[in-house]
Amino acid sequence: MKFIRFIQENRSEPKIGWIYNDFVGEIEGNLFGEYRRLEATIPIENVRLLAPILPGKIVAVGWNYIDHAKEFDRAIPEYPTIFLKPPSTIIGTGEAIVLPEVSERVEHEAELAIVIGKRAKSVIPENAFFHVFGYTVANDITARDLQMKDETFTRGKGFDTFCPIGPWIETDFEPADAVVTCRVNTELRQMASTRDMIFPIPAIIAYISSIMTLMPGDMILTGTPAGTSPIYAGNVIETQIEGIGQLVNPVTKPNRSVPY
Ligand code: MG
């Protein structure tokens with residue numbers, strides 16, 4: 001099933017919904033608890049899709065594909081490298097990635113994102129999928145120069161608009177061998193299968209939940225394959241995962257300079 005957040009024409013309140021064929025139905029209740037699907041009668045072209053979830057926290061895994069670690073001269077990690085992206089980085093499909101003026105090199109990182117559905121604390125890998133609600137497409141936008149310059153990833157990964165996700169959460173998805181691609185102005189830049197992850201999803205969930213409790217609605221970015229490259233104002237970034245869908249985001253300069 002495909003779950004969305006959306007705004008209907010002429011109404012400003014964001015709603016939770018589901019998609020049936022090309023129609024949208026509203027959802028009453030709590031997506032991670034009791035909910036009821038209402039009839040899908042709204043043509044999808046009559047709604048604007050928003051980021052499908054506003055996560056409580058976003059935990060990201062770095063260097064999780066061998067080829068990506070190699071292109072940055074990194075050793076194959078012995079355990080997952082994790083970092084946090086603030087929830088204020090979230091945007092949906094169609095929304096613009098804004099390039100911060102303080103960076104000279106912003107790059108795309110196409111990634112499979114996990115949406116947690118049930119509270120997870122110290123779970124074993126065998127039970128990890130019990131805690132997964134579904135999956136979405138993400139792009140871990142990165143100010144590469146700042147990431148490399150700073151002691152932590154917080155600034156390089158943390159600018160507003162640096163986490164496009166969507167277009168929906170897919171619950172019927174098999175994550176073991178799905179093709180992840182990223183195109184910039186239709187030119188293919190990244191293409192790999194999720195089977196090439198160094199740490200597969202059960203290991204990632206077990207590791208992160210041994211450190212911090214994962215709550216319903218939290219999101220995990222599972223790392224990017226090789227081929228990350230700079231993006232510029234005027235580019236259009238298409239991030240796609242086989243079996244989920246495609247996320248499309250234009251890139252823009254900020255409207256005004258920031259005074260520091
Ligand atoms: Mg990443």
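Predicted model: local features only at pLDDT ≥ 70, side-chain atom pairs only at ≥ 80, totals over all residues.

Modeller: Residues are numbered from 1 along each chain as its sequence is written, and side-chain values use heavy atoms, with hydrogens and water left out.

Colleague: Which residue takes a positive phi in the hairpin of S2 and S3?

Modeller: Strands are DSSP E runs of at least two residues, helices H or I runs of at least four, numbered from the N terminus. Strands pair if DSSP finds at least two bridges between them; S2 and S3 run antiparallel, joined by four. Two residues lie between these strands, and the one with positive phi, near 50°, is Asn21.

Colleague: How are the planes of Tyr79 and Tyr207 set, and at what angle?

Modeller: Rings of Phe, Tyr and Trp (its six-membered ring) pair if their centres lie within 6.5 Å; planes under 30 degrees apart are stacked, over 60 edge-to-face, the rest tilted. The search of the whole structure finds nine aromatic pairs. Here the centres are 6.2 Å apart, and the pair is tilted because the planes stand at 35°.

Colleague: How many residues apart in sequence are the parts that Tyr79 and Tyr207 tie together?

Modeller: Tyr79 lies in the loop between helix H1 and strand S8. Tyr207 lies in helix H4, so the separation in sequence is 128 residues.
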